[in-house]
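Let's take a friendly look at how side chains meet inside a protein. We will go through aromatic rings and then charged partners.

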Amino acid sequence: MKKLLILLLFPLMMFAQSDYSISFNSSGSYVEVFDSPSLNIQEEFTISFWIKLNNFNGYSHFFNKWNYDDEANRLIFACETFENDGVLYAWLGNNLVNSSIQLALYEWQYLTLTYNSATCVVQFFVDGQPLESSNDVCYNLNDLVPTGYSINIGGNSTADGINTIDGRMDNVEFWNTALSMEEIQQYMDCPPIGIEQGLVGFWKFNDGPDFTIVEDRTNYNNNGTANLTGGATYSQENCPELCSNNNNVNLEQETILIGDVDCSGEVNNLDAALILQYVTNVIDELPCSYASIIIDYQEIEGCTDENAFNYNQSAN
(Lines give C-alpha, C1' and ligand atoms only; values in the text may rest on other atoms or scores of the structure.)
Protein backbone atom coordinates (compact mmCIF):
# COMPACT_ATOMS: atom_id res chain seq x y z
CA MET A 1 0.00 0.00 0.00
CA LYS A 2 1.38 3.41 -0.90
CA LYS A 3 2.01 5.79 1.92
CA LEU A 4 3.01 9.42 1.93
CA LEU A 5 6.56 10.65 2.16
CA ILE A 6 6.84 14.36 2.97
CA LEU A 7 10.18 15.92 2.15
CA LEU A 8 10.76 19.15 4.05
CA LEU A 9 13.50 21.41 2.73
CA PHE A 10 14.52 24.48 4.69
CA PRO A 11 17.69 26.09 3.27
CA LEU A 12 16.42 29.68 3.42
CA MET A 13 15.98 31.74 6.56
CA MET A 14 12.71 33.65 6.53
CA PHE A 15 10.96 36.03 8.90
CA ALA A 16 10.32 34.57 12.31
CA GLN A 17 6.81 33.58 13.35
CA SER A 18 5.54 35.59 16.33
CA ASP A 19 4.73 33.75 19.51
CA TYR A 20 2.21 35.23 21.93
CA SER A 21 0.44 34.65 25.19
CA ILE A 22 -2.70 36.48 26.32
CA SER A 23 -2.39 38.96 29.16
CA PHE A 24 -5.66 39.14 31.11
CA ASN A 25 -6.05 41.93 33.65
CA SER A 26 -9.07 41.16 35.86
CA SER A 27 -11.27 43.50 33.83
CA GLY A 28 -13.82 41.03 32.48
CA SER A 29 -11.79 39.68 29.58
CA TYR A 30 -11.87 36.04 28.50
CA VAL A 31 -11.60 33.68 25.55
CA GLU A 32 -14.86 31.91 24.68
CA VAL A 33 -14.98 28.62 22.76
CA PHE A 34 -18.49 27.67 21.72
CA ASP A 35 -19.68 24.15 22.45
CA SER A 36 -19.16 21.35 19.93
CA PRO A 37 -19.57 17.53 20.01
CA SER A 38 -15.82 17.02 20.40
CA LEU A 39 -15.80 19.12 23.58
CA ASN A 40 -18.51 17.00 25.22
CA ILE A 41 -16.26 14.74 27.24
CA GLN A 42 -17.76 11.47 28.44
CA GLU A 43 -15.61 9.75 31.07
CA GLU A 44 -12.34 11.56 31.78
CA PHE A 45 -10.37 14.68 30.93
CA THR A 46 -7.14 16.61 31.28
CA ILE A 47 -6.80 20.41 31.36
CA SER A 48 -3.26 21.82 31.10
CA PHE A 49 -1.86 25.30 30.50
CA TRP A 50 0.90 27.73 31.39
CA ILE A 51 0.07 30.60 33.75
CA LYS A 52 1.99 33.63 35.02
CA LEU A 53 0.00 35.55 37.59
CA ASN A 54 0.49 39.23 38.45
CA ASN A 55 -1.99 39.30 41.33
CA PHE A 56 -4.59 37.10 42.96
CA ASN A 57 -8.07 38.24 42.03
CA GLY A 58 -11.03 36.75 43.87
CA TYR A 59 -12.25 33.57 42.23
CA SER A 60 -9.96 33.47 39.20
CA HIS A 61 -11.16 31.01 36.56
CA PHE A 62 -8.41 29.59 34.38
CA PHE A 63 -10.78 27.24 32.54
CA ASN A 64 -14.46 26.55 32.87
CA LYS A 65 -17.37 24.95 31.03
CA TRP A 66 -20.24 26.44 32.93
CA ASN A 67 -23.12 28.91 33.11
CA TYR A 68 -23.12 31.16 36.16
CA ASP A 69 -26.71 30.23 37.11
CA ASP A 70 -26.19 26.44 37.06
CA GLU A 71 -24.81 25.01 40.30
CA ALA A 72 -25.44 21.38 39.35
CA ASN A 73 -23.45 21.10 36.12
CA ARG A 74 -20.08 22.79 36.03
CA LEU A 75 -16.47 22.13 35.21
CA ILE A 76 -14.17 24.76 36.73
CA PHE A 77 -10.41 24.89 37.30
CA ALA A 78 -9.47 28.01 39.25
CA CYS A 79 -7.77 29.60 42.25
CA GLU A 80 -9.30 31.65 45.05
CA THR A 81 -8.05 34.48 47.22
CA PHE A 82 -10.84 35.25 49.68
CA GLU A 83 -9.57 32.87 52.35
CA ASN A 84 -6.15 31.96 50.97
CA ASP A 85 -4.01 33.72 48.38
CA GLY A 86 -3.88 31.78 45.13
CA VAL A 87 -5.00 28.32 46.28
CA LEU A 88 -6.10 25.92 43.54
CA TYR A 89 -9.57 24.41 43.51
CA ALA A 90 -11.99 22.74 41.10
CA TRP A 91 -15.71 22.18 40.68
CA LEU A 92 -17.16 19.08 39.02
CA GLY A 93 -20.93 19.28 39.07
CA ASN A 94 -21.80 20.27 42.63
CA ASN A 95 -18.59 18.72 44.00
CA LEU A 96 -16.10 21.28 45.29
CA VAL A 97 -12.53 19.94 45.26
CA ASN A 98 -10.29 22.06 47.47
CA SER A 99 -6.52 21.93 47.74
CA SER A 100 -3.78 23.56 49.77
CA ILE A 101 -1.66 24.25 46.67
CA GLN A 102 -0.67 27.90 46.64
CA LEU A 103 0.43 29.39 43.35
CA ALA A 104 3.36 31.75 42.87
CA LEU A 105 3.26 35.27 41.44
CA TYR A 106 5.45 36.61 38.62
CA GLU A 107 6.69 33.25 37.35
CA TRP A 108 5.49 30.78 34.74
CA GLN A 109 3.88 27.62 36.12
CA TYR A 110 2.39 24.67 34.26
CA LEU A 111 -0.93 23.65 35.82
CA THR A 112 -2.85 20.44 35.15
CA LEU A 113 -6.13 18.98 36.35
CA THR A 114 -7.10 15.40 35.53
CA TYR A 115 -10.29 13.49 36.27
CA ASN A 116 -11.43 9.90 35.76
CA SER A 117 -15.14 9.31 36.44
CA ALA A 118 -14.64 5.53 36.61
CA THR A 119 -12.32 5.87 39.62
CA CYS A 120 -13.76 9.20 40.92
CA VAL A 121 -10.18 10.54 41.17
CA VAL A 122 -9.31 14.22 40.69
CA GLN A 123 -5.59 15.04 40.55
CA PHE A 124 -3.84 18.43 40.69
CA PHE A 125 -0.40 18.84 39.08
CA VAL A 126 2.00 21.79 39.16
CA ASP A 127 4.96 21.79 36.77
CA GLY A 128 4.29 18.15 35.94
CA GLN A 129 4.36 16.95 39.55
CA PRO A 130 1.27 15.37 41.17
CA LEU A 131 0.67 17.30 44.37
CA GLU A 132 -2.80 16.59 45.73
CA SER A 133 -5.75 14.41 44.77
CA SER A 134 -9.25 13.40 45.82
CA ASN A 135 -10.68 9.94 45.22
CA ASP A 136 -14.35 10.47 46.08
CA VAL A 137 -15.56 12.87 43.37
CA CYS A 138 -18.15 10.87 41.45
CA TYR A 139 -19.70 13.15 38.84
CA ASN A 140 -21.28 11.93 35.61
CA LEU A 141 -19.63 14.03 32.92
CA ASN A 142 -22.49 13.17 30.55
CA ASP A 143 -24.65 15.58 32.55
CA LEU A 144 -22.64 18.43 31.02
CA VAL A 145 -23.40 17.35 27.45
CA PRO A 146 -26.99 18.64 27.05
CA THR A 147 -26.15 22.02 28.62
CA GLY A 148 -24.27 23.22 25.53
CA TYR A 149 -22.13 25.50 27.68
CA SER A 150 -19.15 27.27 26.14
CA ILE A 151 -15.60 26.82 27.37
CA ASN A 152 -14.18 29.99 28.91
CA ILE A 153 -10.44 30.55 29.27
CA GLY A 154 -9.01 33.21 31.58
CA GLY A 155 -12.42 34.38 32.78
CA ASN A 156 -16.16 33.82 32.48
CA SER A 157 -18.51 35.04 29.77
CA THR A 158 -21.60 34.48 31.97
CA ALA A 159 -20.56 36.14 35.24
CA ASP A 160 -20.13 39.83 34.38
CA GLY A 161 -16.36 39.60 34.43
CA ILE A 162 -15.94 38.71 38.08
CA ASN A 163 -13.86 35.59 37.39
CA THR A 164 -11.14 37.05 35.15
CA ILE A 165 -7.54 36.31 36.12
CA ASP A 166 -4.80 38.91 36.45
CA GLY A 167 -1.90 37.46 34.50
CA ARG A 168 -0.83 35.65 31.35
CA MET A 169 -1.96 32.30 29.95
CA ASP A 170 -0.46 30.24 27.15
CA ASN A 171 -0.71 26.80 25.49
CA VAL A 172 -4.11 25.73 26.81
CA GLU A 173 -4.79 22.00 26.25
CA PHE A 174 -8.07 20.09 26.65
CA TRP A 175 -8.00 16.29 26.41
CA ASN A 176 -10.80 13.72 26.59
CA THR A 177 -8.52 11.36 28.51
CA ALA A 178 -6.73 11.53 31.86
CA LEU A 179 -3.05 11.84 30.97
CA SER A 180 -0.36 10.11 32.98
CA MET A 181 2.33 12.05 34.84
CA GLU A 182 4.84 11.10 32.14
CA GLU A 183 2.56 12.40 29.38
CA ILE A 184 1.91 15.64 31.26
CA GLN A 185 5.65 16.19 31.68
CA GLN A 186 6.21 15.44 27.99
CA TYR A 187 3.75 18.12 26.87
CA MET A 188 5.01 20.58 29.45
CA ASP A 189 8.49 20.35 27.95
CA CYS A 190 7.35 20.13 24.34
CA PRO A 191 3.75 21.10 23.48
CA PRO A 192 1.48 18.94 21.35
CA ILE A 193 1.31 19.28 17.58
CA GLY A 194 -2.47 19.07 17.48
CA ILE A 195 -3.07 15.60 16.04
CA GLU A 196 -2.47 13.61 19.23
CA GLN A 197 -5.17 11.08 20.10
CA GLY A 198 -7.52 12.47 22.73
CA LEU A 199 -6.55 16.12 22.25
CA VAL A 200 -9.81 17.97 21.48
CA GLY A 201 -8.68 21.56 21.97
CA PHE A 202 -5.28 23.28 21.87
CA TRP A 203 -5.08 27.06 21.94
CA LYS A 204 -1.55 28.54 21.67
CA PHE A 205 -2.70 32.19 21.41
CA ASN A 206 -0.25 32.87 18.58
CA ASP A 207 -2.90 34.62 16.51
CA GLY A 208 -1.71 38.06 17.57
CA PRO A 209 -3.28 41.42 18.34
CA ASP A 210 -4.85 41.90 14.90
CA PHE A 211 -7.18 38.93 15.32
CA THR A 212 -10.13 38.19 17.59
CA ILE A 213 -10.36 34.55 16.47
CA VAL A 214 -8.25 32.22 18.62
CA GLU A 215 -7.22 29.23 16.51
CA ASP A 216 -7.59 25.70 17.79
CA ARG A 217 -4.53 23.71 16.66
CA THR A 218 -6.39 20.40 16.60
CA ASN A 219 -8.29 19.04 13.63
CA TYR A 220 -11.59 19.69 15.44
CA ASN A 221 -11.50 23.43 14.67
CA ASN A 222 -12.75 24.47 18.10
CA ASN A 223 -11.74 28.06 17.48
CA GLY A 224 -12.42 30.64 20.17
CA THR A 225 -13.13 34.35 20.33
CA ALA A 226 -10.89 36.69 22.32
CA ASN A 227 -12.93 39.21 24.29
CA LEU A 228 -10.13 41.47 25.48
CA THR A 229 -11.34 44.53 27.38
CA GLY A 230 -9.92 47.07 29.77
CA GLY A 231 -6.36 46.76 28.53
CA ALA A 232 -6.17 42.97 28.22
CA THR A 233 -4.08 42.15 25.17
CA TYR A 234 -1.80 39.70 23.40
CA SER A 235 1.68 39.68 24.89
CA GLN A 236 4.96 38.73 23.21
CA GLU A 237 6.11 37.22 26.47
CA ASN A 238 5.34 33.52 26.14
CA CYS A 239 5.70 30.39 28.18
CA PRO A 240 8.97 28.41 28.37
CA GLU A 241 9.41 25.42 26.07
CA LEU A 242 12.38 23.10 26.41
CA CYS A 243 12.20 21.59 22.93
CA SER A 244 13.22 23.45 19.78
CA ASN A 245 10.16 22.32 17.84
CA ASN A 246 7.00 20.26 18.10
CA ASN A 247 7.01 16.49 18.63
CA ASN A 248 10.81 16.36 18.86
CA VAL A 249 11.24 16.50 15.08
CA ASN A 250 14.95 16.67 14.31
CA LEU A 251 15.58 19.77 12.19
CA GLU A 252 18.78 18.25 10.87
CA GLN A 253 16.76 15.59 9.10
CA GLU A 254 15.49 16.45 5.67
CA THR A 255 12.71 13.87 5.54
CA ILE A 256 9.83 12.93 7.76
CA LEU A 257 7.75 9.86 6.97
CA ILE A 258 4.02 10.31 7.42
CA GLY A 259 1.64 7.59 6.34
CA ASP A 260 -1.51 6.12 7.82
CA VAL A 261 -1.81 8.83 10.45
CA ASP A 262 -5.17 7.76 11.86
CA CYS A 263 -4.18 4.05 11.77
CA SER A 264 -7.24 3.12 9.72
CA GLY A 265 -5.32 0.76 7.44
CA GLU A 266 -5.27 3.05 4.44
CA VAL A 267 -4.22 6.53 3.42
CA ASN A 268 -7.35 8.64 3.08
CA ASN A 269 -8.62 12.21 3.20
CA LEU A 270 -8.38 12.29 6.99
CA ASP A 271 -4.68 11.43 6.78
CA ALA A 272 -4.19 14.23 4.28
CA ALA A 273 -5.93 16.72 6.56
CA LEU A 274 -3.88 15.64 9.58
CA ILE A 275 -0.66 15.81 7.57
CA LEU A 276 -1.50 19.34 6.45
CA GLN A 277 -2.24 20.32 10.06
CA TYR A 278 1.07 18.78 11.17
CA VAL A 279 3.13 20.60 8.55
CA THR A 280 1.37 23.91 9.27
CA ASN A 281 1.94 23.65 13.01
CA VAL A 282 5.59 22.60 12.72
CA ILE A 283 6.41 25.46 10.36
CA ASP A 284 4.64 27.91 12.66
CA GLU A 285 6.86 26.85 15.56
CA LEU A 286 10.20 27.23 13.79
CA PRO A 287 12.39 30.34 13.82
CA CYS A 288 12.56 30.00 10.07
CA SER A 289 10.23 28.87 7.29
CA TYR A 290 10.80 26.10 4.81
CA ALA A 291 11.93 27.15 1.36
CA SER A 292 9.78 24.44 -0.20
CA ILE A 293 7.66 21.41 0.58
CA ILE A 294 7.82 18.50 -1.85
CA ILE A 295 5.35 15.64 -1.56
CA ASP A 296 6.17 12.24 -3.03
CA TYR A 297 5.16 8.61 -2.45
CA GLN A 298 7.03 5.72 -0.92
CA GLU A 299 6.06 2.24 0.28
CA ILE A 300 6.16 2.25 4.09
CA GLU A 301 4.20 0.55 6.85
CA GLY A 302 2.37 3.62 8.11
CA CYS A 303 1.76 4.06 11.80
CA THR A 304 3.49 0.76 12.65
CA ASP A 305 6.67 1.83 10.87
CA GLU A 306 9.28 2.81 13.48
CA ASN A 307 10.67 5.36 11.00
CA ALA A 308 7.38 7.22 10.75
CA PHE A 309 6.85 10.26 12.99
CA ASN A 310 3.53 8.82 14.17
CA TYR A 311 5.03 5.42 15.04
CA ASN A 312 2.93 3.44 17.47
CA GLN A 313 4.34 0.09 18.47
CA SER A 314 0.98 -1.18 19.67
CA ALA A 315 -0.93 -0.13 16.53
CA ASN A 316 -2.79 -2.83 14.66
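## Aromatic pairs

A search of the whole structure, which is a predicted model, turns up 11 aromatic pairs. Take Y20 and Y234: their ring centres are 5.9 Å apart and their planes meet at 75°, so this pair is edge-to-face. Y20 sits in the loop between strand 1 and strand 2, while Y234 belongs to strand 17, so the pair ties together parts that are 214 residues apart in sequence. Both Y20 and Y234 are buried.

F62 and F77 make another edge-to-face pair, with 6.2 Å from centre to centre and 80° between the planes. Here F62 comes from strand 5 and F77 from strand 6, 15 residues apart. Both of these residues are buried. Ring pairs also link F49, F62, F77 and F124 into a cluster.

## A charge over a ring

Look next at R74, which lies over the face of W91, 3.6 Å from the ring centre.

## Salt bridges

The structure holds 4 salt bridges. In one of them, K52 joins E237, with the closest N and O atoms 2.4 Å apart. K52 is in strand 4 and E237 in the loop between strand 17 and strand 18, 185 residues apart. K52 is buried, at 16% relative accessible area, whereas E237 is partly exposed at 27%.

E237 also meets R168 in a salt bridge, at 3.6 Å from N to O. R168 lies in strand 13, 69 residues from E237. With 18% relative accessibility, R168 counts as buried.

R217 forms a salt bridge with E215, at 3.7 Å. Shared partners join K52, R168 and E237 into one network.

Conventions
Residues numbered from 1 in each chain as written. Predicted model: local features only at pLDDT ≥ 70, side-chain atom pairs only at ≥ 80, totals over all residues. Heavy atoms only, no water. Phe/Tyr/Trp six-rings, centres within 6.5 Å; stacked < 30°, edge-to-face > 60°. Helix = DSSP H or I, 4+ residues; strand = E, 2+ residues; numbered from the N terminus. Buried < 20%, exposed > 50% of the residue type's maximum accessible area, 1.4 Å probe, protein only. Lys NZ or Arg CZ within 6 Å of the ring centre and 35° of its normal. Salt bridge = Lys/Arg side-chain N within 4 Å of Asp/Glu carboxyl O.
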